[in-house]
Amino acid sequence: MKIEKDRVVRFHYTVSEVGQPPLESSKDRGEPLAILVGHGNIIPGLEKALDGREAGESFGVDVPAAEAYGERREGLSQRVPKKHFGAQKLAPGQQVVLNTNFGPRAVTVEKVGMSVVDVDLNHPMAGKDLHFDIEIVEVREAQPVEIEH
């Protein structure tokens with residue numbers, strides 16, 4: 001069965017910056033990632049690379065920044081009251097998850113003050129060309145209830 005819109009795909013992935021060591025792998029967690037295809041659940045370049053493939057296939061693909069997490073945008077800094085980070089120790093360059101009105105968001109700490117923290121709202125992988133190694137575990141039709149969600 002080929003991967004196409006409204007099919008569920010389970011796959012293992014390892015992601016790295018092009019030419020760099022791996023940043024993360026689903027194999028570290030033991031479980032493959034499961035997604036519903038055609039609904040914007042993963043970065044566009046990876047969804048495009050999965051299209052038409054079948055269970056059992058393994059392949060590598062380079063995804064340019066524009067089709068991954070987008071280019072870095074200047075001026076996406078924000079000053080946040082320190083209390084929003086709870087008791088965690090903060091240091092410049094550290095990546096933390098901040099709960100926003102739009103849900104959790106990965107941010108990078110730029111500067112830590114007495115009562116405020118300056119953070120960069122760009123996705124930590126913005127502006128980076130990524131390489132994925134993919135191993136497709138399963139492809140199946142989605143249930144109607146899965147498509148509704």
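Figure 1. As a reminder of the general idea, side chains of opposite charge can pair when their charged atoms come close. A word on the ground rules: this is a predicted model, so local features need pLDDT of at least 70 and side-chain atom pairs count only at pLDDT 80 or more, while totals for chains, interfaces and linings use all residues. Residues are numbered from 1 along each chain as its sequence is written, and side-chain values use heavy atoms, with hydrogens and water left out.

**Figure 2. E138 and R10 bridge distant parts of the chain.** Here E138 makes a salt bridge with R10, with 3.2 Å between the closest N and O atoms. E138 belongs to strand β9 (residues 130–141) and R10 to strand β1 (residues 7–17), and the two are 128 residues apart. Strands are DSSP runs of E, at least two residues long, and helices are runs of H or I, at least four residues long, both numbered from the N terminus. How accessible is E138? Its relative accessibility is 27%, so E138 counts as partly exposed; R10, at 28%, counts as partly exposed as well. The cut-offs are these: buried is under 20% relative accessible area, exposed is over 50%, and partly exposed is in between (1.4 Å probe, protein chains only).

**Figure 3. K48 meets E67 in a helix-to-loop salt bridge.** The N-to-O distance for K48 and E67 is 3.0 Å. K48 sits in helix α1 (residues 44–50) and E67 in the loop between β4 (58–63) and β5, so this pair ties together parts 19 residues apart in sequence. K48 has 54% relative accessibility and counts as exposed, whereas E67 is partly exposed at 28%.

**Figure 4. The open four-stranded sheet runs β5-β8-β7-β6.** Four strands make up this open sheet, and their pairing is antiparallel; two strands pair if DSSP finds at least two bridges between them. Why does one side of β5 and of β6 lack a neighbour in the sheet? Both β5 (77–81) and β6 (95–100) stand at the edges with a single partner strand each, so one side of each is left without a neighbour. On average, neighbouring strands of the sheet are turned by 50 degrees against each other, direction ignored (axes are lines fitted to C-alpha atoms, for helices over the stretch in contact, and angles run from 0 to 180 degrees between N-to-C directions).

**Figure 5. β5 and β8 are joined by bridges and by a side-chain pair.** Five bridges connect β5 with strand β8 (residues 116–120), and the two run antiparallel. Q78 has V119 of β8 as its bridge partner. The side chains of D118 and R79 also meet in a salt bridge, 2.7 Å from N to O. D118 is in strand β8 and R79 in strand β5, so their pairing ties together parts 39 residues apart in sequence. Buried or exposed? D118 counts as buried at 15% relative accessibility, while R79 counts as exposed at 52%.

**Figure 6. β6 and β7 form a hairpin.** Two residues lie between these strands. β6 and β7 pair in the antiparallel sense over six bridges, with T108 in β7 as the bridge partner of Q95. Further along, G113 lies in the loop between β7 (103–112) and β8, and at 28% relative accessibility G113 counts as partly exposed.

**Figure 7. S26 is tucked away in a loop, buried at 0% relative accessibility.** The loop in question runs between β2 (22–25) and β3 (33–36). Leaving aside neighbours within four places in sequence, S26 is in contact (heavy atoms within 4.5 Å) with F11, H12, Y13 and E31.

**Figure 8. R53 places its charged end over the ring of F59.** The charged end of R53 is 3.6 Å from the ring centre of F59. A charge sits over a ring if NZ of Lys or CZ of Arg is within 6 Å of the ring centre and within 35 degrees of the ring normal.

Technical notes
Salt bridge = Lys/Arg side-chain N within 4 Å of Asp/Glu carboxyl O.
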